[in-house]
Each structure stands twice: as C-alpha cells, then as structure tokens.
Amino acid sequence: MSRLFGTDGVRGVANQDLTPELALRLGRAAGHVLGGRGHSVVIGRDTRRSGRMLEGALAAGLCSVGIDVSLVGHVPTPGLAYLTKTEEFVAGAVISASHNPAPDNGIKFFDRTGTKLPDATEDDIEHAMADEASLPRPTEGGIGLVGDARGLVKQYEGFLGRIAPPVAGLRIVLDCANGATYRVAPAVFARAGAEVLTLFDTPDGENINAGCGATAPDVLARTVIERGFDIGFAFDGDGDRVITVDARGHIHDGDLVLALVARHFARHGRLQPKVVVGTVMSNGALAALLAQDGIELVRTKVGDRYVWEEMTRRSAQFGGEPSGHVIFRDYHTTGDGIFTALEVLSLMHAEKRPLHELASDLVPWPQVTRNVRAPRRDEWQTSVALLAAVKEAEASLGTTGRVLVRPSGTEPVLRIMVEARDAQIASSTAARLEDIAKKEVV
C-alpha cells in the first residue's frame, strides 16, 4: 500500500482523490494521534472552491474524537503555522494545494510548535486510519465543538506589520495569485506606508494560480515596467513562496534571497554558523557566490520540511528553495512569502541600493527543467534506458553541470533538471532525457 502523505501533506484532485470521506477519516485519525479529547485544532484554507467541503469534513472528523475546532477561513499557510504556535492549539491544519491548479487540493498539519509533522507522526496517523474501528467515539459533551475564529488572522497581520521596514514612498506591485494572500498582503504593505498596486486579488474559487502568481510572474513583470514601480512580489496560492521582480522587470527566485540575506549577515558578522541550507534544485551559481564569502551551501531533498529539518540540525539561520520558499529560522518555522518580501525590502533599505544592483552579483547558471506527466514516476529507476541516458549526460557534463531526475511528491510528474554553464547544452540534454522518459515511464 502506498503512503498517503507526500512531501507536503495529502494531495489530490478534490472530490476524486481527496474526497470528503477521506478528509473525515483523516480528521478522526489525526485528532486521535495529535491529542484527542480536550484539545483544540485550528483550520485554515486557501480560496479553492473545494476548500469549504474539505474543511467541513475534516472538522467533523476531528470533532468526532473530541477535538474542538477553530475555523479561521482564508489564511496563508505560514499564517496558519504562526497561529498554531502562538495560540493554545495542539495542532493546526491547512487545506490548500499551494501552487497547484484549482481542481487540486490538499491537507497538511502543523504541530503545536508550528512545524510540519515528522514522517513518524504521519505514519502513526495512517496506521490509525487503517484501524479506524478502534478510534474513540464520544457522545454528548464529549463531542468537539466548531467555532468561527476568523478574527485570529489579524494577529498574523500584526506579526508581519511589526517586522515591516520603512517603506514610505516605495511603489510596490503585489500579485496575490487569487489565493490566500489577497487580503493580508495588501493590508500589510499599505499599513507600512507603501503605495500598493494589487493584481489577481479577486478569487472566485476557480482562478487560483491561473496565469498568475509565483509560477507565472510575467504579468507582474510587465506591470512593474509599464507603470514604473520600484519592485514587485508574486505569491503562490497559499502564500508560502514569493518570486521577486526588480524595477527593470527582471524576475528573481529564492536563490537570490538566500544570497542577499546570507552575504549581508556575513559581512556584518551576524551569520553564525556560516551555513545556508538549500536543496538539490539550488543553482550552482548560488553555491559559488556564497563560497566567495566563506559560506557553505548544504543541499537537501526538495521540500521545505527537509530544509527546516537540516536548518535545525545545523542551527542555520537561513534556508530555502529556488521556488521561493525561504525560511528565516529566527522568526518562522516555514516558508512565508509575505515575510520574505518584507525582508527583501529590509535589505534594500539597509544597503541603500535598489534590487537590480543587489542582484547583479548572482548570475544563475542555465538550468532547464522538463516535467513529464508519468503515473509511474516512482519507477523511473527501473528503466535501463533512462538510467543509461542519465549516466551518459552526467559524464558528458562533467564538472560543468549536473543532472537531477526526481519524482514529484505532489503531482504525477517526473521532473528532469539539467544545469550547465552553456544554455544550449542544458536545453538539448534535458530534451533528450525528456524524450526517453516519455517512452519509458508514461
């Protein structure tokens, strides 16, 4: 039997893979494992049409084992994590599929410290689901209650407002991806004194991430240039990642944020230890640039939970992914797009330089990623032809590049990444591997 939890909770097409029946069972098992009767869990969601359906089912499951449930409605995933650790909740759950298209949805849990559940706890939940008949079914006063707690989101806004740098006079464009940041982000930046233009802030349940947000920042980039704004930020559907656009319309990912904060802190003697945690997707140029300042880049598997775990082991202050998940360990337990955007503004203020100047030191090596829809993606290493092609590509690239093939943990996709100093070589190598993968694992 395959594992229910992936790298970022339970994901699938809502009402097909991720059904209300499954959410109900998940709620019962999770409620029992995470504390049971007498405890409280907070639930938030993004703007997908299926969110309320799954919210109701998950809350019912939790209540059926005696858990009280507080519903905060639309909230960014990092906001839910923040509330979980600052209020008296035993756990938190967010209903979201992050950057995935609207038909998808997901459920992930945070423990009372605001961190994602370890694999062992997720395994305990799955075991409890398999033995559901043994779970408690209290009656009358033992049944949990559901309450409206939407006002708690203001506490998360207040947290962000307290760390906002001076931005009076700065002109900022925000792309909210028709997702969970559509209320919080504009409010935070406007209250900090910026002139804010907001794009994609009218969610209808079906337009989340549709041609907008962190995975499609082209409209944001054009708007920054055409309207003469100073900077732009594109969040994804659940607000845990951000892509940045400078005043010249150049698009920058999470690698740039890590380079800026780590080098700034190192220059001021505040980076202890001199380690930054990235992933196998982190660009080789980032590692080379950090090395110039004596900073080590440590790579993990893809997934901000793995980044966090490595940061904790090494006491690293910063870590993240090119996708825009960036974690500031002194302040947060997970990636937070709004927080990261505020930190970029803080660096600009401290360095007294615009972003395009700060970004000039990091010139990413060409990196090409091909996504092959492959239901049998986990079996790719059984393909003799694909393995041979990967080894041949690695030998050809030598020290001038690298190849990474990995199954997605959130989609039925096999991801093939080729990085090389020469863009044409990266592209042709990735195309060749994609063609073989389509024949072997689709």
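Two strands are said to pair if DSSP finds at least two bridges between them.

**View A. The whole chain.** The predicted model contains 14 helices and 18 strands. Along the principal axes, the C-alpha trace spans about 65 × 60 × 40 Å. A compact globule of 442 residues would have a radius of gyration near 22 Å, and the chain agrees because its own value is 22 Å. Of these 442 residues, 59% count as buried. Among the contacts with a separation of 6 or more, 71% are made by residues 24 or more positions apart.

**View B. The four-stranded sheet with β12 and β14.** This open sheet has the strand order β13-β12-β14-β15, and its pairing is mixed. Strands β13 (296-300) and β15 (326-328) form the edges, each pairing on one side only. On average, neighbouring strands of the sheet are turned by 20° against each other, direction ignored. Within the sheet, β12 (residues 275-279) and β14 (residues 318-320) run parallel and are joined by two bridges. Which residue is the bridge partner of Val277 in β14? The partner is Gly319. Helix α9 (residues 284-292) packs on the sheet and touches β12 and β13; the direction of the helix makes about 150° with that of β13.

View C. Pro273 has its place in the loop between α8 and β12. The peptide bond leading from Gln272 to Pro273 is cis, and its omega is near -5°.

View D. Strand β10 (residues 242-246) and β11 run antiparallel, with two bridges between them. Val245 has Ile251 as its bridge partner in β11.

View E. In soluble globular proteins, nonpolar side chains tend to be buried together. The largest nonpolar core of this model has 63 residues, and those with the most contacts inside it are Val72, Leu160, Phe189, Phe233, Phe235 and Ile338. Helix α8 (residues 254-267) supplies the largest share of this core, nine residues.

**View F. The parallel strands β2 and β3.** Strand β2 (residues 40-45) runs parallel to β3, and six bridges join the two. Val42 stands opposite Ser70 in β3. Strand β3 (residues 68-74) is mostly covered, with five of its seven residues buried.

View G. Glu55 belongs to helix α2 (residues 51-64). Is Glu55 buried or exposed? The residue counts as buried because its relative accessibility is 7%, and the cut-off for buried is under 20%. Leaving aside residues up to four places away in sequence, Glu55 touches Ile43, Arg45, Leu71 and Ile95. With Arg45, the side chain of Glu55 makes a polar contact, side chain to side chain, at 3.1 Å.

View H. Asn209 is not a glycine, yet its phi is positive, about 65°. This residue is found in the loop between β8 and α7 (218-227). With a relative accessible area of 10%, Asn209 is buried. Lys352, also not a glycine, has a positive phi of about 55°. The loop that holds Lys352 is between α11 (337-351) and α12 (355-358). At 70% relative accessibility, Lys352 counts as exposed, whereas Asn209 is buried.

Notes:
Residues are numbered from 1 along each chain as its sequence is written. This is a predicted model: local features need pLDDT of at least 70, side-chain atom pairs count only at pLDDT 80 or more; totals for chains, interfaces and linings use all residues. Side-chain values use heavy atoms; hydrogens and water are left out. A nonpolar core is a set of buried Ala, Val, Leu, Ile, Met, Phe, Trp, Tyr and Cys residues joined through side-chain atoms within 4.5 Å. Buried means under 20% relative accessible area, exposed over 50%, partly exposed in between (1.4 Å probe, protein chains only). A polar contact is a pair of N or O atoms within 3.5 Å; within protein, one must be able to donate a hydrogen and the other to accept it, and residues adjacent in sequence count only if both atoms are side-chain atoms. Contact means heavy atoms within 4.5 Å. The radius of gyration is taken over C-alpha atoms; the globule rule is 2.2 Å times the number of residues to the power 0.38. Axes are lines fitted to C-alpha atoms, for helices over the stretch in contact, and angles run from 0 to 180 degrees between N-to-C directions.
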